[in-house]
Amino acid sequence: MKKHIAVMAGDGIGPEIVGQALRVLDAAARKFNHEFSTEHVLIGGIAIDETGSPLPEATVEACRKADAVLLGAVGGPKWDTIAPEIRPEKGLLGIRKALGLFANLRPARLFPELSGACLLRKDIVDKGLDVMVVRELTGGIYFGKPAGVEVRGGKRTGFNTMIYDEDEIRRIAHIAFKAAMKRRKKVCSVDKANVLDVSRLWREVVIEVSKEYPEVSLSHMYVDNAAMQLVRDPSQFDVIVTSNLFGDILSDEAAVITGSIGMLASASLGSEYAGLYEPIHGSAPDIAGQNKANPLATILSVSMMLLHEFDLEKEALCIENAVRKTLQDGFRTGDIMEEGKTLCNTIEITDKVIERL
Ligand code: NAI
Ligand code: MG
């Protein structure tokens, strides 16, 4: 297979972790006889420094033409004081919008070797923690109109609108069912249908879509209960599909209970252009440029890219297994270091992954 990947390394540890993830991609390409070409483009703080804009037009063009997009992270103290319209984060929001990315896939998975870092009780963790939150990203209450603050009846009044049409629900539901087909074939749709009208439509449409995926079992849960169940017994979940607001909260909750943000990958998908793959952590300016950062989240983002963008299941699994084996063999970066393990820097731990590939 021949594919072209737009790479936005960004700021802070971005270039270090992306550089290492690309070495793993290269190794996988050689092993499985694929050809992945890459094109580096600017985003975030470094783009501001070099062009004055956090998202140069050339970057948008390159990403729109690419078969997939890989991102490191953006931002850092250097740009904290500049005008809000050209901050590094604007680059991120801008590229998500330019690529029409309406679905955010966030797997929260705990490698058994790292269960010491997990915030949950051991008996709960031992049952397994491998949940994928599929969050709708471009609709719902964050974007619904009318929205604002105005004076009504002499009182300052704030309001937002939670709104979804059936097409928006249908397309995110398809993404969730497709993701479940590549996993344990379970979808839990999270809503607040006991209170919200928009949730009643959400449920109806998700049920309609589920008919096209007879192998996948569908359940429904209210969001307050889902927040509780995620910490009480996460092993009951495979894929969770939910709206923008609920997904924002649940995906952070699911991520933090694993205890290792240096390990978590993500994908954002649209329908018109390629998907964007990135670690969930930020640019970690406190350790940037020191060859200390954990590249595994970015390496796992590459694995997600192979699976979700190119349908290369075997290759994706091979990278995942190499990461797992690296942990099993006791190699750790500083952020996940434990007594008795071998401390590696960014490059060394990548070497270990590549050896095991
Ligand atoms: P952060 O995720 O960059 O760092 C939080 C803590 O985790 C730091 O102590 C950092 O050293 C550590 N850490 C993060 N990733 C790591 C890795 N791969 N290996 C080892 N340690 C790691 O979040 P923070 O500190 O809130 O934000 C720093 C900058 O990153 C800010 O400018 C923020 O705006 C930006 N940011 C960017 C994101 C993105 O590009 N998607 C997401 C979140 C924050
Ligand atoms: Mg959030």
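**Exercise 1. State which residues form domain 1 and which form domain 2, and how far apart their centres lie.**

Solution. Domain 1 covers 1-111 + 261-357, and domain 2 covers 119-258; these bounds come from an automatic or database domain assignment. The centres of the two domains, taken over C-alpha atoms, are separated by 25 Å. This is a predicted model, in which local features need pLDDT of at least 70, side-chain atom pairs count only at pLDDT 80 or more, and totals for chains, interfaces and linings use all residues. Residues are numbered from 1 along each chain as its sequence is written, while chains are lettered from A and ligands numbered from 1 in the order in which they are written.

**Exercise 2. Describe the side of domain 1 that touches domain 2.**

Solution. Start with the contacts: 18 residues of domain 1 meet 21 residues of domain 2, a contact being two C-beta atoms, placed from the backbone, within 7 Å. Next, find the strands that take part. Strand E4 (103-109) and strand E11 (265-269) each give at least two residues to this side of domain 1. The largest share, seven residues, is from E4. Finally, sort by class: this side has 13 nonpolar, three polar and two charged residues. Here Ala, Val, Leu, Ile, Met, Phe, Trp, Tyr, Cys and Pro count as nonpolar, Asp, Glu, Lys and Arg as charged, and the others, Gly among them, as polar.

**Exercise 3. Count the helices and strands, and explain why the protein is as compact as a globular protein of its length.**

Solution. The protein has 12 helices and 14 strands; these are DSSP runs (helices H or I, at least four residues; strands E, at least two), numbered from the N terminus. Its radius of gyration is 20 Å, close to the 21 Å that the globule rule gives for 357 residues, so the protein is as compact as a globular protein of that length. The radius is taken over C-alpha atoms, and the rule is 2.2 Å times the number of residues to the power 0.38.
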